[in-house]
Amino acid sequence: MKNTGKATSHDQENLKNDFSFNEGDHLSSLSLLNALPQQVWTAGSDGKIDYVNDTICRDFGYPQALIIESGWEAFVHPEDITESIERWQEALNTEKEYVTEFRLRFTDGQYYWHLARAVLVKRTGKPSIWVGTNTNIQSHKDIESRKDEFISIASHELKTPLTSIRAYNQVMLRKASDGTIKDYLLRTQGQLARLEKLIKDLLDVSKINAGKMSLNLENFNFSEMLRDAISAAQSVSTKHKIILTDELNLEFTGDHYRLEQVVQNFLSNAVKYSPEADRVLVSTNIKDGNVIVSVTDFGIGIERSHLGRLFDRYYRADNSSSRFDGLGLGLFISAEIIKRHGGSFWIESELGKGATFFFKLPLEADHPIQPEIKTKINYKDRYLSISCPQDDDIMYVEWTGHQDMRSVKHGGALMIEYFKANPRSKVFNDNRLVLGTWSEASDWAAEVWLPLMELAGLKYLAWIFSASAFSQLSAQKSVDNEEKTSEILFFYQADEALTWLRNINQK
Ligand code: ADP
């Protein structure tokens with residue numbers, strides 16, 4: 001939380017007015033706030049801190065006026081400042097709950113993890129005061145990190161004997177002449193490979209949680225990496241034929257080993273979740289400066305309601321948890337690897353018919369989005385076009401191709417800019433040309449973009465779906481905001497959307 005202005009000393013009268021307490025209530029409320037073991041603070045609607053309770057003064061070891069004057073950032077761990085300020089700014093802009101975690105420096109010089117939350121209290125409909133608490137969650141963090149440490153140590157310790165067992169098994173396989181014994185040893189080899197994968201996944205998750213999964217960037221041949229991943233998956237799958245449908249010859253800069261791990265994970269899932277099928281298709285292509293890889297199977301498929309959550313830690317769809325073994329970690333790890341390469345991922349699936357898992361990686365890291373047209377009323381780049389005709393009361397927006405976090409944030413910000421520059425209340429948001437979609441951007445759209453569009457005057461939004469089911473879910477999640485003040489409808493047909501918008505008679 002940034003205290004941008006000059007300090008306002010704690011003013012009891014002011015606090016009394018804000019809460020409209022009577023004198024007796026007010027005094028008992030203050031002693032109540034001071035008696036709380038939790039840190040409590042308030043800030044004006046402009047974000048300036050104007051009250052901190054006694055617990056804060058005790059924890060930080062400074063008097064109230066000094067804490068208010070020096071601002072929060074003086075006590076926040078340097079690594080946590082940027083995110084906490086960004087979230088605070090976002091809360092101030094959107095007037096939505098502020099939630100963040102940061103480390104605070106106490107009077108003993110140590111940092112302790114806190115969960116900060118604040119809500120805006122309105123008086124007679126107008127924003128009046130932010131009331132916030134910081135809860136010490138250090139013991140919870142300690143338990144989490146002990147659990148991760150245990151997982152990390154246990155998986156390290158399990159790895160060593162497993163490597164020896166695998167080596168002995170290989171020797172026995174070479175020496176065995178009896179067909180039945182050979183068969184058993186081969187089965188043992190298969191089970192050992194599965195055990196190794198589980199241990200490796202647990203190790204990776206503990207690395208991700210500890211923020212220690214780093215990338216080793218190098219130049220490598222992407223196509224060769226794909227072929228290697230395919231032949232590794234093929235060697236353990238007797239029933240399925242894994243077919244690479246498009247060949248590319250592509251040099252790429254990234255973490256070779258980690259990206260191969262992603263492909264192998266998609267491939268082993270494709271084989272595992274299609275026990276009745278006999279083929280898996282892998283395809284690659286280059287589009288708009290990105291390489292896109294897809295893995296298609298013809299297996300059990302995924303129910304629509306699970307699509308958005310499969311990349312969460314330990315998440316498994318109901319139809320697979322009892323029939324197939326696994327920990328629900330592979331996709332979580334893959335998602336983390338892709339995100340760290342600046343890419344995104346998505347799924348298309350029909351229950352009972354199969355699934356296609358996609359991931360997309362930018363060929364040039366962080367290439368800027370160049371506009372082709374930029375006037376005050378029209379905008380166009382390769383992801384999006386916006387048009388605000390002057391004789392119309394609708395803003396027309398068309399999204400094109402594969403979208404990721406960056407292109408959605410960029411396009412969303414432009415929509416707000418153009419909507420403000422050309423005041424109106426209706427938006428025609430056309431997603432028909434969206435091929436694959438962003439994974440995390442929908443949360444940003446629901447929490448930040450939609451409230452800002454509403455502040456800029458949005459009242460009616462017609463959203464025309466892309467054909468991609470994953471994209472449709474993201475679209476719905478983007479407007480999944482209980483406090484929304486605008487009316488938002490989804491359409492499959494563009495002409496129906498236009499008819500709806502045009503027939504709205506505004507009050
Ligand atoms: P695991 O396979 O170990 O459970 P993953 O993280 O790799 O963990 O996958 C998470 C869940 O996603 C799986 O439990 C399964 O429900 C679903 N899933 C993944 N790939 C497929 C696929 N190709 N077809 C159907 N469901 C899949």
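Guide: Welcome! A crossing is left-handed if the near helix is turned anticlockwise from the far one by less than a right angle, right-handed if clockwise. This is a predicted model, where local features need pLDDT of at least 70 and side-chain atom pairs 80 or more, while totals for chains, interfaces and linings use all residues. Residues are numbered from 1 along each chain as its sequence is written, and side-chain values use heavy atoms, without hydrogens and water.

Visitor: Which handedness does the crossing of H6 and H7 have?

Guide: Helix H6 (residues 138-175) and helix H7 (residues 179-209), both DSSP runs of at least four residues (H or I), have axes 9 Å apart. Their angle is about 160°, between N-to-C directions of lines fitted to C-alpha atoms over the stretch in contact, on a scale from 0 to 180 degrees. H6 is therefore roughly antiparallel to H7 (over 145 degrees). As for handedness, the crossing is left-handed.

Visitor: What kind of pair do tryptophan 449 and tryptophan 463 form?

Guide: Tryptophan 449 sits in helix H14 and tryptophan 463 in strand E18, 14 residues apart. Rings pair if their centres lie within 6.5 Å; planes under 30 degrees apart are stacked, over 60 edge-to-face, the rest tilted. Here the centres are 6.5 Å apart and the planes at 85°, so the pair is edge-to-face.

Visitor: Is tyrosine 492 buried or exposed?

Guide: Tyrosine 492 pairs with phenylalanine 465, with ring centres 5.0 Å apart and planes at 55°. Phenylalanine 465 has a relative accessible area of 7% and is buried (under 20%; exposed is over 50%, with a 1.4 Å probe and protein chains only). Tyrosine 492, at 56%, is therefore exposed.

Technical notes
Helices (H or I, at least four residues) and strands (E, at least two) are DSSP runs, numbered from the N terminus. Angles under 35 degrees count as roughly parallel, over 145 as roughly antiparallel, 65 to 115 as roughly perpendicular and the rest as oblique. Rings of Phe, Tyr and Trp (its six-membered ring) pair if their centres lie within 6.5 Å; planes under 30 degrees apart count as stacked, over 60 as edge-to-face and the rest as tilted.
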